[in-house]
Amino acid sequence: MKRLTFLLMSVFLLSAQGHAQIGDKFVWSQLRIGEEWDPYPGVHSEILKFVVDTTSVLVIPERRVLTISDAKLFGSPFLLLAGKGAPPALDAAAVGRLRDYLTSGGFLWIEDTSGMANGPFDAWVRNTLATVLPDSDLKPLPKDHVLYKTFFLMRRIGGRVMVSGSVEGVDWAGKTVVVYSRNDLLGAWVRDPLGNPVFACVPGGEAQRLEAKKLSLNIVMYALTGSYKADAVHTPFILQKMRSGAP
Amino acid sequence: MSFSFAFESSAVEWATAALFLLGLALLWRFLAPLPAAVRRLRIFTALILAGLLFKPVLSRLDSRSIRPRLSVVIDRGPSMQGKDDFDRARLKRAVDWILRHRAEIEKHAEVSLYGGAAGAHRLDWNELESLQADNAAFEPASVLSDLLSAGAPPERVWVLSDGAFENGETLAPALARLGSPVDALGVGPKRIPKSLSIAGIETPDFVFLHSRFETGVSVEAHRLEGKSVTLTLRHEGKILQKRVLQAKRPFEILRATFTLEAAALGSQDYRIAVLVEGDQDKRLRVSRGFRVEVIRQKYRIMYLAGRPSFEYSHLRAQLKGDPNHELVSFVILRNPEDVSPVPDNQLSLIPFPATEIFVKNLFQFDLFILENFAYYRFNLPAAYLENLKRFVAQGGALLIVGGENAFTKGGYRGSPLEETFPVTLLPDKDDFVTELFKPTLAAVDHPFLAVGDTRAESKALWDALPPLDGYARFSDVRPGASVLLSHPRAKTASGRPLPIVAVQEFGRGKVMLVGTDSTWRWKLAGGRDWKLSSFYARFWSRAVQYLTGSLELKKVKFSPLPERMPAREPAILSLRVFDEHFRAVPGVDVDLKVVWSRPDGTTTSPAHFEREPGVFQIELSELAEGRHRIRAIARYRGQLWGEDGVNFVWEGPRSDAPLNRRALQELSEPTRGEYRDLYRIDLQALLSSLPPVREEQAVRSRQHLWTWSGWLALAVFLLLGEWFLRRRRGYL
């Protein structure tokens, strides 16, 4: 039933492109910088369907594509930036606007889909973030970061590839405002028209794919709940589940 | 006449003399063969020289009587002009009494006379008769300090006064510095009518919720000895506590302490009523009110959200980040129909603690937030909502943040909780419209909406905000509710502007309705317009303050004043300025304006100074009899922060003003002095408390015997005699 609703909403909203209304629903906004901004064009639908099927979150199925100068940037609290090659360097105005966005409540998920350890996109990300938020370092998130328990309890991360054993992030005012994954989480979602995965997840196979999906959902939930699962009221329950051997 | 003899030699001279005599003793065996007459001459000479080293002094003494130093201070305060039942001004009566007993007093003491007001002014006996009252009130601490600086400290002090002064905090140190007993001689009406008055109420201005605080009440009882005096403390019409005290003496200050609990937030008004047993016509019944501001150390907030959303994440972060909030939040992460690819033990979910939230722990919170929570989905009993309604009725705060599930669709229409809403809900479940809109200010002057420093700035800020997204439709606005923000076009079913933010009081609690769940847009707007950078935080901070009652609490507050101020100058008022967290605001940050309206209608701006951080003292001089009004307006952080006003009646020097024995006793008792009414003073008894007159031997003249040059001549003469004898007897 929820899937049907989701499809109907997709049809409805596709006919209403350009409208900014999202109510309290989650909208997948994707940043367009350079030519290679969209390595997996339909992957957001897969992720959003997973979010809808698994959680109580309501979503707008339509993806919102933005540039940094777009007026809707400050109406889009969640933003994805994906890429393989290095996008063009941001000018001072774009850097300032991105900084204003992140420091006023925006959230940015950056996904390196190149599958390379030190690829050009990775170098661009590090240089750009150092310019955008010079007082905050990009660093690996600790194992007990709330990102790993916003919905799924996670002890390992997945992805299409395993370039890094951890997710990195930039904190601002006590909140992680940038999450940076280098394992191509998005690639693990891509399916062909028959519903089969397009890319194999190496080296962990389907288990690694599942971890990639879980982490993707956790990132979305982090954007929607913040540090909610770090509240003391949850701690005994989470510890009990962790002690019971799962996951 | 008598004499005394003493030596003035120093230690060195003593030692020199001793060495000289020791040398003489050691050489004695060489003297022994000499004739006795020669030895004597040599010894005499040596003794004369040694004696000179001791520096002998002869004093001539006279005996004389030393009288104790007595300082007599006559109060020159304005009230001393008042005539009483002796048909003479009090000042005149005090002066006459001193003059009448001058001879007797001077026989027992060395008298220094002073006129006392803001300080002590030395008088001689000739000036006494023309002594006039001053406009300035008698200030005991200043007067006593002046006595010390006037010369040798007095051994006893008499203060003739009617007690129309405030002793204040500086009295105790001044008395300690003085170190002499102070006798207070009361100048006032002889006739003391039966009377009862509340002399003072000591209570903290601010207390924390659920804390206990003490309120002390002082009651002056005149000629009520043997009577029971009942003090009744009331709050909201109910009697909280009673104390029955027994007056045992003709004049007595009865004190009672009430221990109270701050049970509810906000300004709490109390009233003390005092009555006397057997007072049939209630002539002696008095009462006085006082106010205590009850604030929270931390506001405990329960935030229950129907699903994860940007509204939830931003509002939660905002509430969580405020150190004055203690937040417990729950958000429904998964509905029963949702499926998970992994077992439940791999999910961080916890069971929805509905019973704990709605029943067990509900009353521990100050504010309950329901954001887009679909009550019907969880098959929760209606009793839970009934409990939430009771929570509000008993003083809790409720914030409803809308979303499509927040109202009719969420199952609230016809529920017990709907009664608390400022609106009535539509029967149509599809009551939520997704549409961009900019709300309009429906109550510009409401304090909650004053987010800017000025009204114009507030309006500019509201105008600069980005549009919100989605709003709930309602049937109508409830009577008594206030609509603060409304939709620019949409109407309720009844045709009124559709509320976007509305408030109303329900029972003792407050309810706020926010008909949209897109205020996060205001948060992000701070990124594109720096003027809006703190708008979101300020809006929600004010919402919590409004709901918990702290927004209305006075941040600018005068300390309580008696309804009638006694005749003294200056009249001193105390004003406190607090920030939003009720911390004292230093004067450097406050722009304070004080307006004093006199009985004749004229207004002035009296001076003020900061006595301690956040506490300002205002002193009023040249007071006229009648009703005065003082209004203080404080600006802080560039905006109007608050104002307060007090009224009081200044009595002027009334002939029927009572003799304030309490103030005079406070002056005398700590020094082991005595209080006596002037008209019935036993002068001999009073004089007997003075130190006795002492007989002292005074040195009239001193003779320094060692300075007489004849001693040297005598020594030379003796040595010549010794030489002559030795020559004559053939020793040379």
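This talk describes a predicted model with two chains, A and B, beginning with chain A and its contact with chain B and then turning to parts of chain B.

The mean pLDDT of chain A is 88, and 90% of its residues score at least 70. Among the elements of this chain, strand 4 of chain A, residues 107-112, has the highest mean, at 97. Helix 1 of chain A, residues 2-14, has the lowest, at 43. In residues 1-20 of chain A the pLDDT is below 50, and in the model this stretch has 17 contacts beyond near neighbours in sequence.

Next, the overall make-up of chain A. Six helices and seven strands form its secondary structure. Their order along the sequence reads α-β-α-β-β-α-β-α-β-β-β-α-α. Chain A has 247 residues, and 48% of them are buried. How many of the contacts in chain A between residues at least 6 apart in sequence join residues at least 24 apart? The share is 79%.

I turn now to the packing of two helices within chain A. Helix 2 and helix 5 of chain A have axes that come within 10 Å and cross at roughly 75°. Angles from 65 to 115 degrees count as roughly perpendicular, and the two helices, helix 2 and helix 5 of chain A, are therefore roughly perpendicular to each other. On the side of helix 2 of chain A, the residues that meet helix 5 are A:Ile47, A:Phe50, A:Val51 and A:Thr54. Helix 5 of chain A contributes A:Lys213, A:Ser216, A:Leu217 and A:Val220. By class, the residues of this contact are five nonpolar, two polar and one charged.

At the interface, 44 residues of chain A are in contact with 48 residues of chain B. Four helices of chain A, namely helix 2 (43-54), helix 3 (92-103), helix 5 (205-225) and helix 6 (235-243), each supply at least two residues of the side that touches chain B. Which helix of chain A gives the largest share of that side? Helix 5 of chain A does, with five residues. The side of chain A that touches chain B comprises 20 nonpolar, 15 polar and nine charged residues.

Let us move to chain B and its sheets. One open sheet of chain B has three strands in the order 8-10-13, with antiparallel pairing. Strand 8 (195-202) and strand 13 (251-261) of chain B are at the edges with a single partner strand each, so one side of each has no neighbour in the sheet. Direction ignored, neighbouring strands here are turned by 20° against each other on average. Strand 10 of chain B, residues 212-222, pairs with strand 8 of chain B over seven bridges and with strand 13 of chain B over eleven bridges. On the strand 13 side, B:Glu214 is partnered by B:Thr259.

A second open sheet of chain B has five strands in the order 9-15-14-11-12, with mixed pairing. Its edge strands are strand 9 (206-208) and strand 12 (238-246) of chain B, each of which pairs on one side only. From one strand to the next, the twist averages 30°. Strand 11 of chain B, residues 228-235, pairs with strand 12 of chain B in the antiparallel sense over eight bridges. Within that pairing, B:Thr230 stands opposite B:Val244.

Which residues of helix 7 of chain B are buried? They are B:Pro140, B:Ala141, B:Val143, B:Leu144, B:Asp146 and B:Leu147. The cover over these residues includes four strands of chain B, strand 3 (69-75), strand 4 (110-116), strand 5 (120-123) and strand 6 (156-161). Helix 8 (171-178) and helix 15 (661-668) of chain B are also included in that cover. After helix 7 of chain B comes B:Gly151, which has a positive phi, near 155°.

How values were computed
Residues are numbered from 1 along each chain as its sequence is written. Chains are lettered from A and ligands numbered from 1 in the order in which they are written. This is a predicted model: local features need pLDDT of at least 70, side-chain atom pairs count only at pLDDT 80 or more; totals for chains, interfaces and linings use all residues. Two strands pair if DSSP finds at least two bridges between them. Axes are lines fitted to C-alpha atoms, for helices over the stretch in contact, and angles run from 0 to 180 degrees between N-to-C directions. pLDDT is the predictor's confidence in each residue, from 0 to 100. Two residues are in contact if their C-beta atoms, placed from the backbone, lie within 7 Å. Ala, Val, Leu, Ile, Met, Phe, Trp, Tyr, Cys and Pro count as nonpolar, Asp, Glu, Lys and Arg as charged, and the others, Gly among them, as polar. Angles under 35 degrees count as roughly parallel, over 145 as roughly antiparallel, 65 to 115 as roughly perpendicular and the rest as oblique. A residue is buried if 20 or more other C-beta atoms lie within 10 Å of its own, exposed if 12 or fewer, and partly exposed in between; C-beta atoms are placed from the backbone.
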